[in-house]
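Trainee: Please show me the model, and then let us go through parts of it in turn.

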Amino acid sequence: MTPEQVAARIEDGMTIGIGGWGSRRKPMSIVRALLRTDVKDLTVVSYGGPDVGLLCRAGKLRKLVYGFVSLDSISLDPNFRQARESGAVEVAEYDEGMLLAGLQAAAQRLPFMPIRAGLGSDVLTSNPHLRLVQSPYGDDEVVAVPPLHLDVAIVHLNAADEFGNGQYLGPDPYFDDRYCMAADQAYVSCERIVDTADLLKDAPVQSLLISRMYVTGVVESPYGAHFTSCPPEYGRDESFQRHYVDSAQDPARWRDFAATFLAGDEAAYRAAVEAFANGAAS
Amino acid sequence: MTEPATLAEICVAACADTWIDAGEVLAAPIGVLPTIGARLAKLTSAPDLVLTDGEALLMAQLPPLGSSGLTAGVIEGWMPYRRVFDVVASGRRRVMMGASQIDRYGNQNISRIGKDWQRPRAQLIGVRGAPGNTVNHTTNYWVPNHSPRAFVESVDFVSGVGHDRARADRHRAGRFHDVRVVVTNLAVLDFATPDGSMRLRSVHPGITVDAVLAATGFPLDTSAVAETRMPSDEELRLIRTVIDPAGQRDREIR
């Protein structure tokens with residue numbers, strides 16, 4: 001599939017889970033393709049990074065379910081801040097562990113997942129739909145996180161075969177498998193599609209994170225996580241991320257940024273990024 | 001002859017002292033000075049601490065600050081985020097987090113500023129793991145800019161749970177609650193009072209009690225204020241030549 005074909009499966013009002021963590025291994029090529037559609041009113045579930053910022057800026061988001069939005073080396077995403085401070089985006093803010101609990105409840109078809117996180121905090125006050133549950137075995141009472149069921153999950157991995165067996169080669173799988181298991185449709189983009197027999201040529205079997213059982217379609221998308229990190233292939237593009245943040249602070253500069261980097265397809269994006277890198281180096 | 005300790009190095013030693021009794025637990029320092037402090041503790045007073053490279057690798061010997069464990073040091077284990085959540089729930093972890101706002105009972109806010117939660121005056125990073133950390137294991141705080149804006153009468157959004165809420169909900173939020181120490185650029189504070197409100201434990205050399213009170217938006221118990229200790233020559237050597245040779249600590253505070 002292409003990023004555009006995945007984006008075309010996403011409809012108004014859907015709940016979308018986006019893999020990765022902060023500004024790390026985000027399925028950016030699919031996010032960019034989504035920016036070019038007329039889809040709106042999405043609910044996004046994410047350990048948020050620039051995926052959230054870009055979708056906010058493009059007016060795609062109605063609601064965000066999250067524990068944080070951060071660019072890691074730069075603490076805050078200005079596009080997300082603007083969307084929140086103008087009241088444009090509604091949120092359900094969970095503790096990081098609660099977000100995983102919600103994905104697991106959905107993946108395991110359970111009515112809730114118990115967790116201690118949230119007790120006593122304003123996560124409960126600000127999310128009045130959250131309930132506590134009494135232990136049937138004692139007097140302990142904990143938070144019952146409801147399922148975070150996803151219509152569509154999108155994740156980016158290092159490699160996959162054409163059937164959807166997905167492989168990560170960096171130090172952390174994040175929660176990409178859980179997103180796929182919590183979704184009706186899951187799409188894996190990857191740096192390269194390889195023959196199944198070659199998946200383990202230079203990697204241990206534990207690198208096979210996602211089974212084709214949970215995957216609807218595969219996209220070959222080199223640099224598909226740019227400007228977030230995708231080790232060992234590439235680290236975060238810090239100078240481009242800085243350019244993204246600086247551009248987001250000013251309407252005229254954002255128009256330039258969007259026209260230069262977000263108007264065309266992935267080939268156009270990569271050419272523009274290359275030109276930016278050459279300009280930044282000279 | 002060792003150059004005298006800077007304010008950043010005094011703060012590092014104060015951060016390091018918060019780990020002394022932690023034992024064999026996952027140390028989760030957030031930010032530059034807490035990270036240097038935890039690494040200093042591991043090399044001196046708390047050798048059993050389990051530390052990551054800042055990402056998913058547990059390090060028996062750490063690389064210099066800012067380097068991945070894949071490039072230097074000795075790896076002893078794997079700690080991706082999914083395992084971190086398991087460790088949080090098990091209690092075998094201790095964190096030193098930041099706080100955009102903190103109140104007299106140690107309620108902490110890193111989520112948003114302003115009372116209109118759906119349209120905040122300033123959107124911050126989000127609660128992250130603060131709600132789970134504070135109800136599962138020991139939590140300490142590092143605040144690099146001790147000021148009335150950070151030390152407020154009441155936080156706008158409770159991300160990390162403080163002593164008043166934990167006591168009012170003793171069998172739920174309070175069951176494993178253990179918020180202990182706040183280290184700032186001016187002082188070390190704790191909650192060792194009958195009602196769990198904040199107390200001034202020590203002021204850094206050259207800082208007066210009045211200066212701390214003026215920078216704090218609520219009254220403090222000042223009945224037993226000491227002076228924060230200076231780092232030893234050996235600690236200064238470790239900070240300067242082993243842990244942070246590039247001097248990242250001086251960019252956080254001066």
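**Burial, packing and backbone**

Mentor: A27(B) is found in strand β1 of chain B, where strands (E, at least two residues) and helices (H or I, at least four) are DSSP runs numbered from the N terminus. This is a predicted model, in which local features need pLDDT of at least 70, side-chain atom pairs count only at pLDDT 80 or more, and totals for chains, interfaces and linings use all residues. Residues are numbered from 1 along each chain as its sequence is written, and chains are lettered from A and ligands numbered from 1 in the order in which they are written.

Trainee: Is A27(B) buried or exposed?

Mentor: A residue is buried if 20 or more other C-beta atoms lie within 10 Å of its own, exposed if 12 or fewer, and partly exposed in between, with C-beta atoms placed from the backbone. A27(B) has 24 other C-beta atoms within 10 Å. Therefore A27(B) is buried.

Trainee: How far apart in space are A27(B) and K42(B)?

Mentor: The two residues are 15 residues apart in sequence. From C-alpha to C-alpha, the separation of A27(B) and K42(B) is 9.6 Å.

Trainee: How many of the 12 residues of α2(B) are buried?

Mentor: The 12 residues of α2(B) (residues 32–43) should span 16 Å at 1.5 Å a residue, and the end C-alpha atoms are 17 Å apart, which agrees; the expected span is 1.5 Å times one less than the number of residues. What covers the buried residues includes α1 (7–17), β1 (26–29) and β4 (93–97) of chain B. A38(B) and K42(B) are among the buried residues of the helix. α2(B) is mostly covered, and the number of buried residues is 11.

Trainee: Which helix of chain B gives the largest share of the side that touches chain A?

Mentor: The contact takes 35 residues from chain B and 35 residues from chain A, two residues being in contact if their C-beta atoms, placed from the backbone, lie within 7 Å. By class, the side of chain B has 19 nonpolar, nine polar and seven charged residues; Ala, Val, Leu, Ile, Met, Phe, Trp, Tyr, Cys and Pro count as nonpolar, Asp, Glu, Lys and Arg as charged, and the others, Gly among them, as polar. The largest share, five residues, comes from α3(B).

Trainee: Which word describes how α8(A) and α9(A) lie to each other?

Mentor: α8(A) (residues 238–248) and α9(A) (residues 251–262) pack at about 135 degrees with axes 7 Å apart; axes are lines fitted to C-alpha atoms, for helices over the stretch in contact, and angles run from 0 to 180 degrees between N-to-C directions. Angles under 35 degrees count as roughly parallel, over 145 as roughly antiparallel, 65 to 115 as roughly perpendicular and the rest as oblique. Y244(A) is one of the residues in α8(A) that meet α9(A). The two helices are therefore oblique.

Trainee: What is the phi of D41(A)?

Mentor: D41(A) is found in the loop between α2 (28–35) and β2 (42–48) of chain A. Most residues other than glycine have a negative phi, and most peptide bonds are trans. D41(A) is not a glycine, yet its phi is positive, at about 60 degrees.

Trainee: What is the omega of the bond that joins H226(A) and F227(A)?

Mentor: F227(A) is found in the loop between β12 (217–220) and α8 of chain A. The bond is a cis peptide bond, with an omega of about 10 degrees.
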